[in-house]
4 protein chains.
Amino acid sequence: MVIVIHCKDEVGLVATISAVIAKAGCNIVSMREHVDVEANQFFARLVVENITDSVAMEQNLLAVLPANAVVNVNPQPEKNIVVLVTKEYHCLSDILTRNHFKTLGAQVSCVVGNHPDLANLCERFHIPFKLVSHLDKSKEDFEQELIAEIAPYKPDYVILAKFMRILSPNFISKFPLKIINIHHSFLPAFIGANPYKQAYLRGVKIIGATAHFVTNDLDEGPIITQKITPVNHSFSLKDLVRAGRENETSALAKAMQLAFEDRVFVYDNKTVVFE
Amino acid sequence: MVIVIHCKDEVGLVATISAVIAKAGCNIVSMREHVDVEANQFFARLVVENITDSVAMEQNLLAVLPANAVVNVNPQPEKNIVVLVTKEYHCLSDILTRNHFKTLGAQVSCVVGNHPDLANLCERFHIPFKLVSHLDKSKEDFEQELIAEIAPYKPDYVILAKFMRILSPNFISKFPLKIINIHHSFLPAFIGANPYKQAYLRGVKIIGATAHFVTNDLDEGPIITQKITPVNHSFSLKDLVRAGRENETSALAKAMQLAFEDRVFVYDNKTVVFE
Amino acid sequence: MVIVIHCKDEVGLVATISAVIAKAGCNIVSMREHVDVEANQFFARLVVENITDSVAMEQNLLAVLPANAVVNVNPQPEKNIVVLVTKEYHCLSDILTRNHFKTLGAQVSCVVGNHPDLANLCERFHIPFKLVSHLDKSKEDFEQELIAEIAPYKPDYVILAKFMRILSPNFISKFPLKIINIHHSFLPAFIGANPYKQAYLRGVKIIGATAHFVTNDLDEGPIITQKITPVNHSFSLKDLVRAGRENETSALAKAMQLAFEDRVFVYDNKTVVFE
Amino acid sequence: MVIVIHCKDEVGLVATISAVIAKAGCNIVSMREHVDVEANQFFARLVVENITDSVAMEQNLLAVLPANAVVNVNPQPEKNIVVLVTKEYHCLSDILTRNHFKTLGAQVSCVVGNHPDLANLCERFHIPFKLVSHLDKSKEDFEQELIAEIAPYKPDYVILAKFMRILSPNFISKFPLKIINIHHSFLPAFIGANPYKQAYLRGVKIIGATAHFVTNDLDEGPIITQKITPVNHSFSLKDLVRAGRENETSALAKAMQLAFEDRVFVYDNKTVVFE
């Protein structure tokens, strides 16, 4: 069973925590712990055997930890997710396949697309697909419709699997630290439209992808994982895009695995990830 | 023997080139060729056996290639370089060691530092070290002194091995496409002072280094090679800097090897690199 | 249009080839060429514009190349493949997804499994699945049945996507240099049963996957591509296997892309791969 | 201050340890902990603030830990090492440079070579070089001479920086789990003489290096770290060797850093590495 703890740092926290666990007759199989000394924050993820009463364990931990501690004993092992997409299939098909074979670590409740292109793929895997077009309506209305489709599932995470609309702070506030996005990254970074074209023109030798939580705007927010792939002058623009997609699929898959296994903690604008 | 060719693209260029080589009784051992179709540019690097007269070969090639072709038959196999440094030793010591064991592909004629810190290291390898301080003088005067030290060596390349002064367009124009710089790179990019601090605060999971030709300003210019290294939340700022240095050393070493072996072509703001 | 050439090396081959192409009024957009000097073998892959008569081009090239040259002008751009599987889904689902979205560079004609586990996945994508069990029959009979299912499709390639039976030289000879296999690789290598268990017990820090042509036995043969992923002591045996699968999927996908785009040449027990 | 602990696993160990630390008024800044459930082994590395009495802390921990626990409070932060070499300079020069700039995390007391080739490099850095030739003597005598040179320094680690003689179990037993070796690794592995030649003939696409403790024979033993570098058909045998050297230098540097910072634990034939 997993226990995750995030709180203000204090002298003796590990002793305090492990005493509670030992007293309950449980054994710590593995423990990852990190203190951000400057930020005075404590993070721990434990795998513990023989917990018979999760609720009691949580209460006992909260009783001895600093005020405002966040403790989660035995978080839902299989998460419930909603996936938002536009037209590109690479991330979604990877998610649906893993979902089908029960290796995703989550159950896909629904896919919502602002284009109908990926409805057929969802059908093949018997996953509901909802079309919520952004056309001919205000952003506010569009997002209200999205929320209306998503919220009833009470998802643990909303996955933006190449969802190409920028979401407003209002939308984001409905799912705080529950929205994971994947986007391309470059060295150097390229601002503005058509970043692959810019990267191509600049002759970059590496292209990357960053999976992150969405906080204020679409492409910022605490980074969960990053991957890169080497490229060279023989890559056409189309080749760059293709290499970028492989990278995006792989980075998003990794980020989901880490999040679904409760290995990711967020604070300030950064993460602690116990890989 | 190496032949490098860069010219406007035309139908039949490879035939034209290889006919000249075959007529001279020479054999092409390996050939790398690239056409940038949009830019209409042709690039080739050939390794050719049995060239007896390099000058004649060059003339014969120029005679049949499009106007303004750049042809170099048997470029100087061991380059002559000057290295500019400030205080950090990691790139310079790698260069001096390879130079000492004759595996650099270049001979270090001189090291110029704007601080005296690395004089001692150069002494150990019997390489002249010249101190050109930037203190108490105008940038123009500083750069004139640099040029006065560097120019007499007629270097094939000027290597900025963690040289921490920004060079003016005037300086750069004295060594066109001969200056190679190494600098840290991040995903995302961080503008302004102390990028490692910014990367640390943002919790990046990858740090990179980019080796590039210096054209207009210090950190832009055609990219030769890029390397990355994965990092995580357990890296202190100091650890990030250390990992960055390993990366910089490695990326600069690779870029120098590629340049010294005449594997790099520059056009527009990008490169063709025949690795 | 692509042209691939493999023949004995001779002086002036590039001139010879490019003269034929220029004479036909065609332009070489890109050319990759390699000579193995020791083996005296020449390899080239060209992308050529404006070929109007492929058959004539092929004849014209054969007429001037050394005896026994292999020339292929405009090889089938979309290959036809048969996929062999056992129980593991990771490679097959990646193949079927790419096939569905027409980004595989090949068309999957049929999937043959020696277990029924993956029939359902094939159904979802409307790809024929044939069960050929190895139970209760001789290896010879088993392979005859496999051949009977595969041969009618006249596949360009037979992909072993985690097919867990060792194939005999007789079977392999029916599809010479057309069978591509993926298998795990370790540093160091582990002989015998349960290599992941051995790797786990040995505490390896890297696990790899190798995609290769099958020549004599299942896990040897000319290497097309290799990928690795870093692992550490916190990986359970199950985690190692999972990381290995991601790696296998990725390496096989890359190898198929290279083969389907006619970028791979085989000679002796090795390959030339023009990535 | 660092504390490392290795002992039999028991219920409540983390509580026990952290209680001792808290009772001494010390704070745990970071803690890495691992339990090998199958082997019933517990490993921890803690960074602790405000330890005033290291000896008392060690005694207090030993008093509450299972029998035969290994506890090291405040291990020597700068190790003392002896380096063994033959003719290749790449690893040694990296070590000497880091040593010179005090970033190695260890002090090089002496370099011992069985060839005189690297004496000059050591002189430049004012490090004693001892020549112990293996010629015209028995292996036993050779190793006795090596031991006679090494033992007086009481080194924390003996680094085999491309030392090309196989050491006997007798020699190894004199420095148990203190000898670190670097050697090339390949996928697949190649047994016997000239592995780079074999890898070249096999057309491998990746070459690797493994840094490991030496236990029974030269190229086996618990792995500390592994690195790889991609290669391709255009690499000559010489290029492969060069790429391999870069890799070896980098892998050995990493392994030394991990060992010198007390991040590596050994048990059975494997390691726990808290990177």
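Helix α8 (residues 237-260) of chain A lies across β5, β6, β8, β9 (179-186), β10 (206-213) and β11 of chain A, and runs at about 150° to β11(A). Helices (H or I, at least four residues) and strands (E, at least two) are DSSP runs, numbered from the N terminus. Axes are lines fitted to C-alpha atoms, for helices over the stretch in contact, with angles from 0 to 180 degrees between N-to-C directions, and two residues are in contact if their C-beta atoms, placed from the backbone, lie within 7 Å.

This is a predicted model, in which local features need pLDDT of at least 70 and side-chain atom pairs count only at pLDDT 80 or more, while totals for chains, interfaces and linings use all residues. Residues are numbered from 1 along each chain as its sequence is written, and chains are lettered from A and ligands numbered from 1 in the order in which they are written.

In chain A, 7 strands form an open sheet of mixed pairing, in the order β7-β6-β5-β8-β9-β10-β11; two strands pair if DSSP finds at least two bridges between them. Because β7 (129-131) and β11 (223-230) of chain A each have a single partner strand, one side of each is left without a neighbour in the sheet. Strands β5 and β6 of chain A run parallel and are joined by 7 bridges, and Ile81(A) has Val108(A) in β6(A) as its bridge partner. Helix α5 of chain A also packs on the sheet.

| Helix | Residues | Angle |
|---|---|---|
| α5 of chain A | 139-150 | about 150° with β6(A) |
| α8 of chain A | 237-260 | about 150° to β11(A) |
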